Amino acid sequence: MGKSKVLVVGGTGYVGRRIVKASLEQGHETYVLQRPEIGLDIEKVQMLLSFKKQGAHLVEASVSDHQSLVEAVKLVDVVICTMSGVHFRSHNLLVQLKLVEAIKAAGNVKRFLPSEFGMDPALMGHALEPGRVTFDEKMTVRKAIEDANIPFTYISANCFAGYFAGNLSQMGTLLPPRDKVLLYGDGNVKVVYMNEDDVAAYTIKTIDDPRTLNKTVYLRPPENILTQRQLIEKWEKLIGKQLEKSSINEQDFLASIKGLDYAAQVGVGHFYHIFYEGCLTNFEIGEGGEEASELYPEVKYTRMDEYLKVYKHEKLCI
Amino acid sequence: MEKSRVLIVGGTGYIGKRLVKASLAQGHETFVLHRPEIGVDIEKVQLLLSFKEQGARLVSGSFNDHKSLVNAVKLVDVVICAISGVHIRSHQILLQLKLVDAIKEAGNIKRFLPSEFGTDPARMAHALEPGRVTFDDKMVVRKAIQEAHIPFTYISANCFAGYFLGGLCQPGFIIPPMDSVILFGDGNVKAIYVDEDDIAMYTIKTIDDPRTRNKTVYIRPPENILSQREVVQIWEKLIGKELHKSSISAQQFLSSMEGQPYEQQVGMGHYYHVCFEGCLTNFEIGEEGVEACGLYPQIKYTTVQDFMKRYV
């Protein structure tokens with residue numbers, strides 16, 4: 001396939017940097033938006049410079065300056081937005097509306113991938129407050145895209161392994177528990193866990209594929225469709241030790257939302273839909289959707305037993 | 001040289017992560033302290049895991065748990081602390097006193113490198129408030145080290161290139177401007193700029209070197225001893241354009257500090273000493289000190305000109 005010119009907005013973020021890397025690796029001419037506002041964040045500046053060293057172009061533009069956005073967008077065929085790449089953060093999502101305006105004004109963009117990369121917001125109209133804000137805002141952005149007739153691909157990437165697998169889906173930590181693990185209900189609800197690098201690789205595969213035009217692409221690699229209990233069993237097999245299991249039922253889990261701060265309530269709500277309702281797997285993909293691992297069987301996705309290996313602790317250092 | 005076992009405390013920080021990389025690159029058995037307090041910081045957790053993939057060992061330990069620090073320290077020969085690697089943050093420096101206590105109790109450490117990596121605090125007793133807090137705190141740590149008879153090396157690394165060169169020595173900038181620059185005074189005061197990766201490389205060279213035992217190691221790469229004006233000229237040559245220059249006097253600069261938030265005042269005080277007083281270059285290295293480039297000529301340090309090419 002010929003090279004595309006790709007602009008990544010939010011390129012220094014958690015998912016964004018992986019998208020930049022995947023875009024370069026797959027041979028696309030890659031532009032990364034450099035916002036003047038990041039001028040004092042040394043880590044972001046140095047990350048941008050390392051992208052440049054790897055062959056990316058830095059484009060200076062601000063989301064609060066419409067004309068600079070239009071000029072940035074005119075340089076490319078594809079725009080990928082990865083603002084707010086973390087599930088729980090959502091206040092940035094509506095900034096994409098300015099990007100939509102710029103894409104509309106520029107008129108040259110062949111594909112726009114907005115910041116999704118989680119649960120499919122079109123299926124979450126029933127979600128609990130306040131977590132639903134994430135989905136409502138993503139739907140607002142989708143509506144603006146479709147009203148403007150901008151060609152799109154929505155990426156429904158499911159659970160990021162760094163947040164949900166490394167910690168055996170325990171809240172409040174990112175590392176696996178040593179001795180005890182909490183199951184949500186009976187732990188038998190199916191979830192989809194994705195290595196973030198695979199999310200990026202699949203995403204970049206879709207950007208110029210006619211099969212994904214105006215579609216939602218679901219990332220459901222079959223061997224990563226696991227219950228929490230199955231994930232834990234993989235870890236137990238790796239470390240050669242059984243964890244002590246306890247369980248929290250649905251009512252107790254929901255009751256725990258009271259008293260939490262806003263961001264934590266958003267997070268608990270999302271956990272509830274994933275681990276009690278099974279929202280990632282409790283539907284069939286319809287005609288508006290495609291599944292990434294079927295479209296791109298050449299991508300060797302990371303299985304969770306492979307992913308978990310790096311978390312093993314040597315005995316000496318416990 | 002034989003491998004040393006090195007524990008890096010503050011390994012996910014700005015300088016810390018470079019120390020981990022340099023320690024692994026120079027073949028040492030590298031341990032990185034993993035504090036449980038970093039809990040849900042995905043960037044730090046993933047950085048730690050990437051160190052592990054590169055061959056480092058993660059050791060659990062907390063400043064709030066003396067025993068865990070002692071246990072961590074007992075695993076190694078050398079401890080390097082890179083806590084508070086950014087110049088203007090200083091409230092964490094005194095946490096090192098807990099590390100000193102652990103090293104004292106463990107009794108096995110051959111060398112301790114505390115978190116310095118900037119201006120030599122022994123020379124900054126006269127420094128302006130509130131910036132002097134950085135130096136006062138570092139001197140408190142030094143005193144504790146020396147009273148405990150812990151073998152040490154202090155690294156005086158001077159100006160971090162990412163902060164000072166990136167901004168053409170202007171506070172509040174870390175990307176070079178394309179149009180204009182403010183010179184401090186006449187811009188002719190000499191300072192010393194060191195690529196952070198080189199700071200890490202020199203540091204790891206010192207850890208088992210008898211010449212650096214109980215010494216202060218100054219990093220003064222000769223080609224990087226430059227005035228602000230010279231730095232600007234290098235940038236102008238790289239971009240093929242002359243910048244509009246204006247100047248701020250010492251008095252104007254000091255006046256502008258008033259009313260600024262605390263951290264800003266700390267940073268501006270440091271800039272004042274570096275850029276107006278020339279505190280990095282206005283002294284000769286005495287018998288308590290050694291110079292890193294003289295000790296380790298095999299290290300090809302990054303020149304200012306090469307460093308600045310990345311911004312073009």
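**View 1. Charges of chain A.** In this predicted model, the mean positions of the 37 positive and 41 negative charges of chain A lie 4 Å apart, where Lys and Arg count as positive and Asp and Glu as negative, with His and the chain ends not counted, and where each charge is placed at NZ of Lys, CZ of Arg, CG of Asp or CD of Glu. Residues are numbered from 1 along each chain as its sequence is written, and chains are lettered from A in the order in which they are written. Totals for chains and interfaces use all residues, and hydrogens and water are left out of side-chain values.

**View 2. Fold and extent of chain A.** Chain A has 12 helices and 13 strands, taken as DSSP runs (H or I, at least four residues, for helices; E, at least two, for strands). The C-alpha trace of chain A spans about 55 × 45 × 40 Å along its principal axes.

**View 3. Burial in chain A.** Of its 318 residues, 57% count as buried, that is, under 20% relative accessible area with a 1.4 Å probe and protein chains only.

**View 4. Contact between chain B and chain A.** The contact (heavy atoms within 4.5 Å) draws 30 residues from chain B and 29 residues from chain A. About 2500 Å² is buried between the two chains, 59% of it given by carbon and sulfur atoms; this is the accessible area (1.4 Å probe) that two parts lose on being put together, summed over both. B:Ile42, B:Lys52 and B:Ile174 supply 22% of the area that chain B buries against chain A, more than any other three residues.

Methods
This is a predicted model: local features need pLDDT of at least 70, side-chain atom pairs count only at pLDDT 80 or more; totals for chains, interfaces and linings use all residues. Buried means under 20% relative accessible area, exposed over 50%, partly exposed in between (1.4 Å probe, protein chains only).
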